[in-house]
Amino acid sequence: MSQGLEAIAPAAEDSPDDMVAEVAGAPFTPLETAAAISLGVLALVGAGVLGMLLAALADEHRLTAAGIGRTAMLEALSMGLATGLAGILLKPRRLRLVGVVASLLLVLVNLATFRASGDQVLIIRLLAGVPEGVLLWIAVGLISRTATPERWAGFMFTGMGLTQLAAAMTLTAYVLPHFGANGGYALLAATGVLCALVALVGPSEYGAVPGTEQESSGAPPLKGWIALLATLGFSGSIAAVGVYLIPLAHEAGLANGAGRTAASAGVGAQILGGILATALAGRVRYIWVFAGCAAALALAWITFAVSAPAWWFILVTGLAGMAGGTIGPFLVPMTIEADPTRRAAVQSGATQVLAGALGPFLASLAVREGHAHGVLVLGAVLLALGLAVAAALHATTHPEPAAAA
């Protein structure tokens, strides 16, 4: 991961102690750095409670059961595409203005959901993904320009887990029972207002991507695209199995309460995974993190495939959540090692969001009514693909001494 860091090192040597100096270009204040990361966290709050909100719309007969899956896929796709295209086409200038405009558009779209039903919901949530993706691009732009991107990604994943868990608890305990789906989207609109305020104190622009003279990253080279394929495999496998967690609990003979407890344990453990990734940043190579997390996921998925007591099902679900929260931040240094220009790193967030749409879509093809175990086979194949590609990239970038000789 040392390649491409020369552009960052000079700033670190000359900057005051109270500045965040490991970013390419001029150092940022801690407030600016926190604001940029927070934009990514707040942009993804809706993704963490998407299932709850769409289910509430269905309960109010404003959306069909099939519409739930389609709407979730469209919003995730538009968010991922917006993040990816912004990374290729936009120059990171006037970021405060861009962040405020995107935030206000997000507020308007969430308010527009109040009167929507049927296909109107699909169209409005498709539009919502665009400002969400732009806000995520601002956060990923900072992360991809740091010397230890896995540490800053770990901060974002930890904050994302905390905010999504808080939002889910608030919706479950108070908002949805009293105000229905519109109350949930009002909460997301309020989050958009908070985004606008945060954007005002964020960075105004970013320096060139380390290893290049370009402000915007452009399209990645071939090896960068291959690294993004590994990202798609890892993230898609976790999303595919996660969306069918409660049906898998039912097939294991567990009650609804146990399945929901397991789901909550998985979300909470993602926070621990983000904290672990932050602690391991710069100390452990990504390939060893991937191997350990893949083993943890395999143990969980084997448990899902057999009848297991509720306590063990919940425990391994938490283990899987922790593994997923740890893998995410280390996907960024993998792409940087494969593509030192960091063009692929800028696309890492978009790829993970797209995987959040692709995984559940493929999972819907792998299951039958009352039989969800096919998703475990799909998850294992995608996970093996991600691990194999990451190992091949690592081997070609860091060949063994004998092979190098």
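**Helices, a patch and a salt bridge**

Author: In this predicted model, helix H9 (residues 222-242) packs against helix H13 (residues 310-338) at an angle of about 170 degrees, and their axes are 9 Å apart.

Reader: Okay, and which residues of H9 and H13 make the contact?

Author: On the H9 side you'll find, among them, Ala 227, Leu 228 and Phe 234. H13 brings residues including Ile 327, Leu 331 and Met 334. Sorted by kind, the contact residues of H9 with H13 come to 9 nonpolar, 4 polar and 1 charged.

Reader: What makes the nonpolar surface patch?

Author: Leu 31, Val 193, Leu 194, Leu 197, Leu 200 and Val 201 make it, and it covers about 530 Å². Helix H8 (residues 149-199) gives the largest share, 3 residues, and Leu 197 is found in that helix.

Reader: How do you know that Arg 96 and Glu 32 meet in a salt bridge?

Author: The cut-off is within 4 Å, from side-chain nitrogen to carboxyl oxygen. For Arg 96 and Glu 32 the N to O distance is 3.4 Å, so the pair counts. The structure holds 4 salt bridges.

Reader: What does the pair tie together?

Author: Arg 96 lies in helix H6 and Glu 32 in helix H2, so the pair links parts 64 residues apart in sequence.

Key: Residues numbered from 1 in each chain as written. Predicted model: local features only at pLDDT ≥ 70, side-chain atom pairs only at ≥ 80, totals over all residues. Heavy atoms only, no water. Axes fitted to C-alpha atoms, helices over the stretch in contact; angles between N-to-C directions. Helix = DSSP H or I, 4+ residues; strand = E, 2+ residues; numbered from the N terminus. Contact = heavy atoms within 4.5 Å. Nonpolar A, V, L, I, M, F, W, Y, C, P; charged D, E, K, R; others polar. Patch = residues over 30% accessible without salt bridge, like charges linked within 9 Å, V, L, I, M, F, W, Y side chains within 5 Å. Areas by Shrake-Rupley, 256 points an atom, 1.4 Å probe, with all protein chains shown as cover.
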